[in-house]
Amino acid sequence: MAHNSRLPVSLLLLSAYFFIAYFVQRTDTAALLAAVTVVTGLYAFLIRPRSIPPENFHYFLGLAFALRLVFLFAPTALSDDVYRFIWDGRLMEAGMNPYAYLPEELMRSRLAGRPTFEELFPHLNSPGYYSLYPPVLQGLFFLSVKCSFGMQALAVVNLRLFILAAEFGTFFFLARILKLLHIDRERIFIYAFNPLVIIELSGNLHMEAVMIFFLSGALYFLLLRRMSWSAICFALAVSTKVIPLILLPLIVRKTGLRAGTAFSALAAVVCIVLFLPFIDPTLLRHLADSFGLYFHQFEFNASMYYLSKWLECRVTGQEAIRFTGILLPLLSTGLIFWLSFRIKKENSRLVVFEKALAVFCTYYLFSPVVHPWYLAFPVLMSVFVPFRYALVWSVLAFLSYAHYAVFPYREPVVLLWMEYVVVGTMIFLEYNVSLHEKI
């Protein structure tokens, strides 16, 4: 990239993200997709091999962080999850366990009439569910609210500052891992400039940013064979979002049974310690109830799940499903273990990243709910592997916002087919090429 092209590229990116941050609503599908198309084109330009000269590396790394700063004072117009974050933080501030009470029950009793909760409650997207956010996030919610002086807007800014700090930490670990693996440092831009990562994490306040920071640390220390530090970071990631647990079989297989068992035990102890402040007789039951409702009642942007559901309904003649909800989790779990245990202890360290990408994407391909921000970790793994299907998926996932263009909400089947036919074709072609290269 020529030195004199830095300014127009920077201005285009900053303008597009400023437009998304302050002028696009969740129902403005055309405006959102148009802006995403612009930033995706620039993203594809920036991540080409040798597109950024070495002397411009730090400039563009700073630009990637500046794009995240654009959202600092923006409203969370594309997501309403933040209201539950603040709700849980307010409960902790009031000395209440966020796992112990349903919002709708509290509004009928103890919190009725309190202005802060009266203001938040109408915006909650799941008032009939117990909180599912693990203890690390609960701590961040509490700190954000505690330092907001009663102002909701400041609590949102505080949450964004935590996410910005996590993203800065992820950049740090990514740079260290790339150096350890002798991979070109410019590949950090695959994650740093990814539109989904910027919009969904820094923009829409999804806490995958914090999980990714801890997972990056866990992978870094794992490569250094500093197992205790890796286990602690892994436990913190699991205590931020539970989903990293699906990587545990891969870690045990790669490190060996003895080291893997010690790793798992230490991670379990750390998780238990983090949950201790929230322990009460109803905790496990409430978490199980909410997880059960989430996986059995929520459906969004799914692929294999929708296909299996359609086939079952055609065969049985019933609208309700019985076998899909059982068969797909079993099939997904089996594939994850198969992928994890195919790796050999002596394999290249890069194979771990390839398998981690495959494990996460397998889980999401069989999942009934695939929100766009779930794909942030596959984007991270794409930094270290030659596959690009997760990057394509991360862009096509924005098509799911068409779901919100009409009310009542409805997912356009054509866009779902477009998304998953392209993603499925990419996966087939890339793994087919990879297989032939190995042969």
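1. Lys241 is buried, with a relative accessible area of 17% (buried means under 20%, exposed over 50% and partly exposed in between, using a 1.4 Å probe and protein chains only). This is a predicted model, in which local features need pLDDT of at least 70 and side-chain atom pairs count only at pLDDT 80 or more, while totals for chains, interfaces and linings use all residues. Residues are numbered from 1 along each chain as its sequence is written, and side-chain values use heavy atoms, leaving out hydrogens and water.

2. The partner of Lys241 in a salt bridge is Glu208, with the closest N and O atoms 3.6 Å apart (a side-chain nitrogen of Lys or Arg within 4 Å of a carboxyl oxygen of Asp or Glu). This pair links distant parts of the chain, 33 residues apart, since Glu208 lies in helix H11 (residues 208-223) and Lys241 in the loop between helix H12 (227-238) and helix H13 (248-255); helices are DSSP runs of H or I with at least four residues, numbered from the N terminus. Glu208 is also buried, at a relative accessible area of 6%.

3. Lys309 and Glu299 form another salt bridge, whose closest N and O atoms are 3.0 Å apart. Here too distant parts of the chain are linked, with Lys309 in helix H16 (residues 304-316) and Glu299 in the loop between helix H15 (283-297) and H16, 10 residues apart. Lys309 is partly exposed at 23% relative accessibility, and Glu299 is partly exposed at 29%.

4. Arg90 and Glu93 both belong to helix H4 (residues 82-93), where they sit 3 residues apart, about one turn of the helix, and their salt bridge has its closest N and O atoms 3.3 Å apart. Arg90 is buried at 7%, whereas Glu93 is partly exposed at 33%.

Methods. Helix = DSSP H or I, 4+ residues; strand = E, 2+ residues; numbered from the N terminus.
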